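Subject: Structure for you to look at

Hi there,

Here is the structure I promised to pass on. Have a look at it first, and then read on for what turned up.

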Amino acid sequence: IVATPIYHHPTADFLWSLLHLDGRDGFVMTKGVMLEVGRRVLVSAALGDPQTTHILMVDADISFPPDALRRLLAHNEPIVGGLYCARQPPYVPIVFGPGAMDAVRNVLQFPFLDPPRISTHVGALPCGFMLVDRHVFETIDLKYGPARWFDVDWPSVEPDLSFCYRAAKCGFKILCDPTVELKHMAEVALDLRTGTVLRSLP
């Protein structure tokens, strides 16, 4: 099932991608709520259907090719996501190395990685295009309490990184597949090539 939190309006590129996505079996969305709340509501709704085996979390400003879901499923991994650039300068690809808790400041520390060229296990990814096996959410429930998948318990930490941290603490690895061509819609459509060009500008 595809789960999309929508704060303002979905982009036309996202809607086109969604309509042409191979293998899609259901779609749930929220509108006008904060990201953390939206993700939690959507995952809860998806898990309420016993037929749901996987949840594809997709943000409404991401475009993707028709075979993207099938390619992620083919990895047979509990968590696998695509790679895309941030919308703001310096337009870095959003992928993080292994995370660790800073015992003094109680803040998650995720160092950025150079973007991988092949499928690679990483410390964290954003959830803007991420396929997750339902067992991951159910396991996090057992360790942290019901529906605390995206709760932000640390200052300056995004809900997506909180999810990756909790999943890793439950023993799950996070696979990044950079070969799925994603675009993050901003003033321009940011794929990895465009982000590289913009970062090189003076």
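Let me start with helix H2 (residues 35–47), which lies across E1, E2 and strand E3 (54–58) and runs at about 155° to E1. Helices (H or I, at least four residues) and strands (E, at least two) are DSSP runs, numbered from the N terminus. Angles run from 0 to 180 degrees between N-to-C directions, with axes fitted to C-alpha atoms, for helices over the stretch in contact.

A word on the source: this is a predicted model, where local features need pLDDT of at least 70, side-chain atom pairs count only at pLDDT 80 or more, and totals for chains, interfaces and linings use all residues. Residues are numbered from 1 along each chain as its sequence is written, and side-chain values use heavy atoms, leaving out hydrogens and water.

Now the sheet: it is open and mixed, with 7 strands in the order E2-E1-E3-E9-E5-E10-E8. Strands E2 (27–31) and E8 (120–122) are at the edges with a single partner strand each, so one side of each has no neighbour in the sheet. Two strands pair if DSSP finds at least two bridges between them; E1 (residues 2–6) and E2 run parallel, joined by 5 bridges. One of the bridge pairs is Val 2 with Phe 27 in E2.

Finally, helix H4 (residues 134–144) packs against helix H5 (residues 159–169) at about 80°, with axes 9 Å apart. The two are therefore roughly perpendicular (angles of 65 to 115 degrees count as such).

Best wishes

Technical notes: Contact = heavy atoms within 4.5 Å. Parallel < 35°, antiparallel > 145°, perpendicular 65-115°, else oblique.
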